[in-house]
Amino acid sequence: MTDATSFNPQPAPGLKKISPYWYPYTTMAKERWLGRELLEVVSTEFRDRSMEYYRYALDSGVTTINGRVARPDTIIMNGDCLQSTLTLYQAVNRLDRLTSGLMIIPLTAERARQLTSEFMASTIRKEYVARCKGEFPTEEVVCEEPLLTVDRQMGLNIVHPEGKPAKTVFNRIRYDPNTDTSVVRCEPLTGRSHQIRVHLQFLGHPIANDPVYSETKIWGPNLGKGGIDIVPSDERSAPVPPPHLQSDTDAAGSPESLTKGGGEQGKGESGAKLLPRETGQDIGMGSPVPLSSEAVGVITSLRNMKDEDEDWSRWRDVVFRAKGKLTPNLTLKPQPPSNQRKRGNYARFVDEKLNQAMDSLVPIEGTTADSASSSITQSTVATPDISTPEPEIPGTPPPVQLSEDEVLQKVATMEPLAESTAVVQSDNLYCPECYLPLHPDPKPERLYIFLHAKQYTTSLGSFKTEMPEWAAEGWNWDRS
């Protein structure tokens with residue numbers, strides 16, 4: 001993104017907005033991707049954009065495999081190196097997004113290596129505090145139920161006999177009858193994803209404001225107490241638009257489907273093969289075990305709730321139809337062979353000013369900043385320019401493009417709902433760079449849960465924080 005085309009969100013009340021920038025992600029092919037078409041992999045691994053958009057982006061040439069522009073039907077093979085260019089909007093944090101509390105930031109490489117090895121060896125004692133639903137038992141409770149990630153897109157974890165071993169020790173601090181909640185000390189002896197949240201849910205005391213594991217719209221009135229059914233089921237259904245956008249998808253076609261009609265045996269009206277996401281078969285593709293009907297229902301409900309929170313942006317993902325191909329205006333250079341890569345290499349930004357700034361701050365060990373930059377960017381291999389992708393295959397019909405007037409008319413009918421979860425609506429509904437339907441700001445209470453990392457005890461000593469405000473005795477929970 002150049003200075004001439006950079007997009008700076010206008011200051012407004014609410015969350016801080018970060019200016020987007022093009023950034024190339026690089027990854028090696030994963031085992032579950034092998035032998036599958038690129039579009040199928042992308043559309044089943046990610047859900048933040050519509051099916052139609054993913055095909056459009058791949059047709060634009062923003063993804064390369066082994067340094068060559070890839071197409072939607074490119075087959076991913078073992079050893080392939082994939083690089084995709086996309087816009088970034090936000091920074092990341094070492095803590096889980098919804099968890100507050102302690103972060104340890106080493107100031108030297110030696111201390112970083114020492115603490116990393118302790119975290120990996122599970123020798124660090126961790127203590128969290130949570131506020132959960134109901135009256136937690138007064139005696140110590142130890143939960144050792146194994147945990148399994150069954151949906152990578154939503155990050156959903158459940159108790160399952162095929163899961164990884166997990167152990168958490170719980171001790172009640174106090175019970176508050178006014179809110180019917182308990183403040184509990186939690187000591188995870190293993191480090192599984194969402195371990196405390198899922199173990200508390202299994203015990204019948206989920207974290208009181210957990211938007212995933214304490215939501216009746218997802219789990220029903222029992223809230224997953226005692227676990228869910230694990231009998232495998234093949235039951236699946238195709239995604240459907242929300243009622244207020246049904247007429248738009250009927251008239252102009254669903255951005256979540258690449259073909260019209262359901263057809264039989266996974267075929268559309270044109271006889272084209274339907275991809276898993278178009279039929280709902282993508283649910284469970286990333287799960288290491290077959291899913292039960294109840295698990296499928298939980299994942300479907302969770303996806304629908306996320307779409308609603310984002311004002312159904314995937315179903316409003318249509319503006320790009322009236323645009324040309326994505327042009328990040330950069331030349332991607334293939335990665336050098338693994339035996340020639342220098343330790344400390346990092347991905348390069350599209351904006352060369354950012355690269356120069358990074359080079360001055362994080363020089364590669366044993367080199368100067370200038371030599372580190374040149375060692376990454378120089379290559380004797382031909383460098384394909386993704387802004388001028390390879391010619392289209394003869395006979396391939398171009399994607400349907402709406403005129404500017406048609407899109408503007410269509411967008412006018414897709415304004416955020418009046419009852420949207422947004423606190424402040426953005427003046428721009430779409431990003432002018434990648435045409436992303438912008439999400440409304442979440443409500444403040446959706447930005448955290450009652451789970452706080454209070455203390456870590458390491459070989460260097462104990463690091464701790466104060467108790468969070470919501471853990472105080474007599475705390476008043478405003479649920480308005």
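The model is predicted: local features need pLDDT of at least 70, side-chain atom pairs count only at pLDDT 80 or more, and totals for chains, interfaces and linings use all residues. Residues are numbered from 1 along each chain as its sequence is written, and side-chain values use heavy atoms, leaving out hydrogens and water.

**View 1. A nonpolar surface patch is formed by Met 103, Ile 105 and Leu 107.** Together they have about 370 Å² of accessible area (Shrake-Rupley method, 1.4 Å probe, only the protein chains shown counting as cover for residues). Leu 107 sits in the loop between strand S5 (100-101) and helix H3 (109-120); helices (H or I, at least four residues) and strands (E, at least two) are DSSP runs numbered from the N terminus. Leu 107 is exposed, at 82% relative accessible area (exposed is over 50%, buried under 20%, partly exposed in between; 1.4 Å probe, protein chains only).

**View 2. The largest nonpolar core has 52 residues.** Such a core is a set of buried Ala, Val, Leu, Ile, Met, Phe, Trp, Tyr and Cys residues joined through side-chain atoms within 4.5 Å. Leu 156, Phe 170 and Trp 219 have the most contacts inside this core (contact: heavy atoms within 4.5 Å). Helix H8 (residues 293-309) gives the most to this core, 6 residues.

**View 3. Another core, of 24 residues, lies apart from the largest one.** Among its residues are Trp 33, Tyr 53, Leu 58 and Tyr 435.

Key: Patches are made of residues with over 30% relative accessible area and no salt bridge: like charges are joined within 9 Å, nonpolar side chains (Val, Leu, Ile, Met, Phe, Trp, Tyr) within 5 Å. A salt bridge is a side-chain nitrogen of Lys or Arg within 4 Å of a carboxyl oxygen of Asp or Glu.
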